[in-house]
Amino acid sequence: MKVVLIFVLWLVTLSGLIAGESLSDVSSGSERFYSSELDLQVEIGADEHFMAINRLQHWNVRLMRLDGSPVAIKALTFDGGMPAHRHGLPTTPQTSVSGATAQIKGIRFSMPGVWRLTLEMSTEGVDITLGLDADLKYGQPPDFQSADFKSEGLIEL
Amino acid sequence: MQSDQSNSIHWLLASIIFLLLVLLAGLKVIAPAPISGESEVATWSPEEIALLRSLSLQRDGELPSYEGRTNEYEGSAAAASLGHQLFFDTDLSRTGATSCASCHQPDKAFTDGLAHPATHVQAAPRNTPTLIGAASSPWQFWDGRSDSLWAQALEALESPLDHGLSRSDIVSLVSTKYRPEYEALFGELPASDDSAEVDRAFTNVGKAIGAYVAMLKPAPAKFDRYVASLSSTEPSGEPVELLTKTEIAGLKLFISEDKGQCISCHNGPLFTNNEFKSINVPDFSGTDSGRLLGAEQALRNPFNCLGNYSAAEKESCGELLYIKKDDPELYAAFKVPTLRNLSSTAPYMHSGIFPSLSDVLKYYNHPLQRANDHLDIVPLGMFPHELQQLEAFLMTLESGVDIAPEWLRPPNKRQVAMIEYE
């Protein structure tokens with residue numbers, strides 16, 4: 001009886017894994033990027049379709065010190081495109097900020113391939129730019145090939 | 001003597017080897033042949049199989065539909081039935097000779113086989129696109145100036161280049177020919193010429209047509225069956241339908257990131273990312289601004305997702321809320337079309353300028369490049385045999401429409417008095 005129960009549980013777990021794989025583009029997801037030089041970390045994520053190809057998605061952005069304490073974002077701009085294909089984003093995402101978090105609504109990646117994304121965040125005393133190169137492929141998690149932090153102004157360390 | 005013996009042994013060995021070779025060759029000849037003559041079992045990486053599944057109709061079962069966001073009658077059999085009748089009704093035109101089916105002919109995958117409709121006399125006429133799978137596109141028309149099938153139908157009904165009717169004309173026709181069906185679905189027809197009521201009835205006519213057109217989904221094609229066989233974990237006992245060597249070579253080119261690059265824009269189960277791209281295809285005037293104007297028109301369209309006649313919650317109108325506009329990239333950019341059922345939809349491209357698929361592929365090899373133009377493609381530089389392989393693969397996407405045949409024929413005509421419009 002115990003063996004049967006274990007087998008059933010194993011089957012349920014396996015089917016869950018299979019279902020999880022097939023529905024991977026509707027799942028929530030997030031990614032963090034760190035700069036020890038600037039004592040900053042940025043988390044980007046979405047409740048649905050994070051980095052999925054051809055799905056409209058809304059991102060949440062959080063700016064923090066490396067110890068996790070929040071850093072207020074005064075303004076955020078977002079842009080991107082595919083340098084290899086010489087085009088920009090297929091939509092016009094809209095941004096809003098609230099304390100240490102920001103929202104970018106209306107992002108869509110219409111093609112597989114490398115997308116160059118830029119988040120410019122104004123904070124008290126410093127402007128921070130995070131440049132990301134994300135390679136998107138079907139059936140695979142996003143591959144963030146590079147994450148470059150740049151800053152202008154003084155930052156309180 | 002020894003030499004003779006040695007010669008005999010050599011001959012014997014040679015004979016045995018010869019017989020073995022013949023036997024092996026014979027075995028090869030009589031071995032079970034692949035299912036279709038020159039079929040091939042190709043090897044694909046797990047990543048490639050994931051990519052092929054993303055292109056296949058079986059991936060998630062149902063195709064997503066944008067029509068249902070704004071059209072609350074999508075999925076209603078009664079609405080689709082009324083829409084079916086309206087679609088084939090030539091009384092729904094000023095001349096009494098034009099129906100939706102005049103340009104969207106079922107036997108041509110709902111196109112008309114012409115570069116552009118004969119009645120389209122504007123400077124830059126456009127080719128009639130297929131309606132099969134159109135509900136899965138967030139944008140209608142080559143420039144995407146409508147965001148639903150019903151709004152697209154309403155524009156065609158009013159356009160002097162198509163049906164050429166006023167809203168009052170249409171309500172009058174429905175009142176004469178389809179009153180019971182209409183009122184069972186939408187309530188009473190307007191009793192007066194009140195423009196708000198007429199607009200509402202006009203919208204309902206579009207939504208009935210939209211409900212019918214939304215049913216026109218592509219049937220699984222040879223390619224879909226092939227992909228299903230790749231990802232099947234439980235052999236069904238059915239013979240696996242393989243693609244030929246040429247078709248597989250074409251498929252590999254199609255998904256190749258450095259060779260064909262087709263997958264960049266022609267992705268998803270309908271082989272389109274529903275974007276607008278500029279590839280400098282010649283038109284008949286060189287003045288068609290494409291999506292640059294289409295995006296503006298989509299925003300202004302009173303029948304759009306955000307309009308008063310839409311059933312959608314504002315938040316679900318993401319395509320319109322975050323629309324790309326006023327961008328030079330959109331000049332002369334046109335909707336990336338589906339690649340399913342291409343054998344029935346010639347001629348090709350927004351201007352219908354290429355009579356054959358091989359002409360289209362040759363163009364991608366040597367696209368028109370003008371200084372300062374934004375161009376979304378690069379010359380492919382493929383060999384002629386590779387273009388033929390691509391074309392062979394594209395033909396594996398032929399399937400027609402997944403619907404009972406009676407929906408593809410005009411319904412039984414009613415006997416009514418001739419409608420005369422002023």
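Helix H4 (residues 77–87) and helix H8 (residues 179–186) of chain B pack at an angle of about 145°. Their axes are 10 Å apart. This is a predicted model.

**Helix pair in chain B**
- H4(B) passes H8(B) in a left-handed crossing.
- From H4(B), the contact uses Ala78(B), Ala79(B) and Leu82(B).
- H8(B) contributes Glu181(B), Tyr182(B), Ala184(B) and Leu185(B).
- Six residues of this contact are nonpolar, one is charged and none is polar.

**Domains of chain B**
- Chain B is divided into domain 1 (46–62 + 220–397) and domain 2 (67–218).
- The C-alpha centres of the two domains of chain B lie 25 Å apart.
- Their contact takes 41 residues from domain 1 of chain B and 35 residues from domain 2 of chain B.
- On the domain 1 side, helix H12 (291–300), helix H13 (318–321) and strand S2 (334–335) of chain B each give two or more residues.
- H12(B) supplies the largest share of that side, with five residues.
- By class, the domain 1 side has 18 nonpolar, 17 polar and six charged residues.

**Contact between chains A and B**
- Chain A places 20 residues in contact with 18 residues of chain B.
- Strand S5 (87–88) and strand S7 (101–107) of chain A each supply at least two residues of the chain A side.
- That side of chain A divides into twelve polar, six nonpolar and two charged residues.

How values were computed:
Residues numbered from 1 in each chain as written. Chains lettered and ligands numbered in written order. Predicted model: local features only at pLDDT ≥ 70, side-chain atom pairs only at ≥ 80, totals over all residues. Contact = placed C-beta atoms within 7 Å. Helix = DSSP H or I, 4+ residues; strand = E, 2+ residues; numbered from the N terminus. Nonpolar A, V, L, I, M, F, W, Y, C, P; charged D, E, K, R; others polar. Domains from an automatic or database assignment. Axes fitted to C-alpha atoms, helices over the stretch in contact; angles between N-to-C directions. Left-handed = near helix turned anticlockwise from the far one by under 90°.
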